[in-house]
Amino acid sequence: LLADRENGPLRGVYDVKVDGDTLLVVGPANPLGEALHGALVVDVSDPANPEEVSFFGTDYPIHNAYLRDGYAYLTANDWERNPIVVVDVSGSNPEEVGRWSILDRDEAWGDVPAGVRTVHDVHVQDDVAYLVHWDAGTWLLDVSDPSNPTYLADFRGQSIEELASVDGQAAA
């Protein structure tokens, strides 16, 4: 995929999602240096002849994603804020419309190694995004307005202080 692009092809793909006639392909799942990073949108209304619709390039790896109602929810593991990024992929020119990180809830999460609080997976159901943040627990966001994800709740076993003492490289 996307072999004609600079730093292409799109490699390290760990996740794809389908919503109706739209297929979302994301990658690479892990840092690959100068590799092509992003989300490819494909029209699969004719499965025998899929057509590339658009590509949203990123500067971060995407391990998992979710596609719902024209919005892609991307796990943006940038090793800084590790946000969930919401991209409107409904047209031919995808654009980021929203972003949320556990650091938005409490900046003290910045003391926790990024590998311990990596956003590993996302699932969206009934306007709630469920984010799995490695050792930092599961976080729920209201995404009824995808451009403004807002905190609902989180479930975790260890405090920020306990997680801050973990070796982040060992956890990643």
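This is a predicted model: local features need pLDDT of at least 70, side-chain atom pairs count only at pLDDT 80 or more; totals for chains, interfaces and linings use all residues.
**Cis prolines**

I started at Pro28, which lies in the loop between strand E2 (22-27) and E3; strands (E, at least two residues) and helices (H or I, at least four) are DSSP runs, numbered from the N terminus. The peptide bond from Gly27 to Pro28 is cis, with omega near -10°. I then went to Pro9, in the segment before E1. The bond from Gly8 to Pro9 is cis too, with omega near 5°.

**What I am looking at**

Residues are numbered from 1 along each chain as its sequence is written, and side-chain values use heavy atoms, with hydrogens and water left out.

**The open sheet**

I followed E1 to E4 next. They form an open sheet of 4 strands in the order E1-E2-E3-E4, with antiparallel pairing; two strands count as paired if DSSP finds at least two bridges between them. Strand E1 (15-19) and strand E4 (51-57) stand at the edges with a single partner strand each, so one side of each has no neighbour in the sheet. From one strand to the next the twist averages 20°, using axes fitted to C-alpha atoms (for helices over the stretch in contact) and angles from 0 to 180 degrees between N-to-C directions. Strand E3 (residues 38-43) pairs with E4 over 6 bridges, in the antiparallel sense. In that pairing I found Val41 opposite Ser54 in E4.

**Cores**

I looked for nonpolar cores, meaning sets of buried Ala, Val, Leu, Ile, Met, Phe, Trp, Tyr and Cys residues joined through side-chain atoms within 4.5 Å. Buried is under 20% relative accessible area, exposed over 50%, partly exposed in between (1.4 Å probe, protein chains only). The largest core has 21 residues, and Tyr73, Trp109 and Leu131 have the most contacts inside it. Elements giving two or more residues to this core include strand E7 (84-88), helix H1 (102-105) and helix H2 (160-164). Apart from it I found another core, of 15 residues, among them Ala65 and Val89.

Which residues does Trp109 touch, leaving out those up to four places away in sequence? I listed Ile102, Leu103, Arg117, Ala136, Trp139, Arg156, Ile160 and Leu163; a contact is heavy atoms within 4.5 Å.

**Loop residues**

Asn82 sits in the loop between E6 and E7. Its phi is positive, about 50°, although Asn82 is not a glycine. Asn82 is buried, with a relative accessible area of 1%. Trp134, in the loop between E10 and E11, has a positive phi near 40°. Trp134 is partly exposed, at 39%.

Is Asp69 buried or exposed? I put Asp69 down as exposed, because its relative accessibility is 57%. Asp69 is in the loop between strand E5 (62-68) and strand E6 (71-76).

**Whole chain**

I noted 3 helices and 12 strands in the chain. Buried residues make up 45% of its 172 residues. The C-alpha trace spans about 50 × 35 × 20 Å along its principal axes. Of the contacts between residues at least 6 apart in sequence, 41% join residues at least 24 apart.
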